[in-house]
Amino acid sequence: MPDAARITPDGDQTAASREAAWFAQLSSVVLAAAALFTDPAGRVLLVKPNYRDHWSLAGGILEHGEPPHVGCRREVSEEIGLDIEPGPLLVIAWVAPDGIRNRPIVHFVFDGGVLADDTPIRLQESELDDYRFVEAGDLDRHLPPLIAARVAVALRGREAGATAYLPWP
């Protein structure tokens, strides 16, 4: 039986149900999180998804209701087999909808830290074909412009101890 305090005598929607209806009609965004890892020489860890023609940072799409730092940890564990506590947030990047995506994407890039040369990386074979460490000056050869910009900003943010907002129209 419905809570009598929530329903008016004439059957009108309650404030809670009106609020729920309002939230249901709002626009939505896709959320993603990744980690910036480097090796002791400062090269950036990139992974090669088997469903894309370019490289990327280790990370992925968040599950419904999942906090970005938790999703980053989960994705890194799934993709490269490392259980990390994500470090500081380096970048919040907003990407507009395009012809393929009908919703904007907000990317969170966390500091994954410096990986020792002997750190074992175990690829998620169902999604990734390869990984490599790449010099910062060579990122443009492996990444699309928007991801290369995001990684460059993340590297500067790590050095400066700052978080950057990076909108991509």
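Reader: Which residues of α4 are buried?

Author: This is a predicted model, so its local features are read only where pLDDT is at least 70. A residue counts as buried when its relative accessible area is under 20%. In α4 the residues that count as buried are Ile147, Ala148, Arg150, Val151, Val153, Ala154, Leu155 and Gly157.

Reader: Against which elements do the buried residues of α4 pack?

Author: Among the buried residues of α4 is Val151, and Val151 touches Leu36, Val44, Leu57, Leu139 and Leu143 when residues up to four places away in sequence are not counted. Taken together, the buried residues of α4 pack against strands and a helix, namely β1, β2, β4, β5 (105-114), α3 (139-142) and β7 (164-168).

Reader: How far apart are the end C-alpha atoms of α4, and what span should its 16 residues have?

Author: The expected span of a helix is 1.5 Å times one less than its number of residues. For the 16 residues of α4 this gives 22 Å, and the distance between the end C-alpha atoms agrees with it, being 22 Å.

Reader: Which element gives the most residues to the largest nonpolar core?

Author: The largest nonpolar core has 20 residues, and those with the most contacts inside it are Leu36 and Val151.

Reader: How many residues are in the second, separate core?

Author: Apart from the core that has Leu36 and Val151 as the residues with the most contacts inside it, there is a second, separate core, which includes Val47, Ile80, Leu82 and Val106. The number of residues in this second core is 19.

Reader: Is Val109 buried or exposed, and what is its relative accessibility?

Author: Val109 is found in strand β5, and beyond its neighbours in sequence it touches Ala34, Leu36, Leu57, Pro88, Leu89, Leu90, Val91, Arg150 and Ala154. In space, Val109 is 10 Å from Leu155, C-alpha to C-alpha, although the two are 46 residues apart in sequence. Val109 counts as buried, and its relative accessibility is 2%.

Reader: Which residues are closest to the centre of the largest pocket?

Author: The largest pocket has a volume of about 660 Å³. Its lining draws at least two residues from each of β1, β2, β3 (58-61), α2, β5 and α4, and β5 gives the most, with four residues. Of the 28 residues in the lining, those closest to the centre are Arg52, His54, Ile105, His107 and Ile147.

Reader: With which residues is His54 in contact, leaving aside its neighbours within four places in sequence?

Author: His54 has its place in the loop between β2 and β3. With a relative accessible area of 18%, His54 is buried. Leaving aside the neighbours within four places in sequence, the residues in contact with His54 are Lys48, Pro49, His142, Pro144 and Ile147.

Reader: By about how many helical turns are Arg74 and Glu78 separated?

Author: Arg74 forms a salt bridge with Glu78, with 3.3 Å between the closest N and O atoms. Of the two partners, Arg74 is buried, with a relative accessible area of 18%, whereas Glu78 is partly exposed at 32%. Because they are four residues apart in helix α2 (residues 68-80), their separation is about one helical turn.

Reader: Which residues are linked with Arg74 in a network of salt bridges?

Author: The structure holds ten salt bridges, and one of them joins Arg74 and Glu78. The residues linked with Arg74 in a network of salt bridges are Glu63, Glu66, Glu75 and Glu78.

Reader: What is the N to O distance in the salt bridge between Asp39 and Arg43?

Author: Asp39 is buried, with a relative accessible area of 3%, while Arg43 is partly exposed, with a relative accessible area of 29%. The side chains of Asp39 and Arg43 meet in a salt bridge, and its N to O distance is 2.6 Å.

Methods. Residues are numbered from 1 along each chain as its sequence is written. This is a predicted model: local features need pLDDT of at least 70, side-chain atom pairs count only at pLDDT 80 or more; totals for chains, interfaces and linings use all residues. Side-chain values use heavy atoms; hydrogens and water are left out. A nonpolar core is a set of buried Ala, Val, Leu, Ile, Met, Phe, Trp, Tyr and Cys residues joined through side-chain atoms within 4.5 Å. Buried means under 20% relative accessible area, exposed over 50%, partly exposed in between (1.4 Å probe, protein chains only). Contact means heavy atoms within 4.5 Å. A salt bridge is a side-chain nitrogen of Lys or Arg within 4 Å of a carboxyl oxygen of Asp or Glu. On a 1 Å grid over the protein atoms alone, a cavity is a set of points where a 1.4 Å probe fits but cannot get out, and a pocket is an open set with protein on both sides within 12 Å along at least five of seven lines; lining residues have an atom within 4 Å of a point. Grid points are joined across faces, edges and corners, and a volume is the space filled by probe spheres set on the points.
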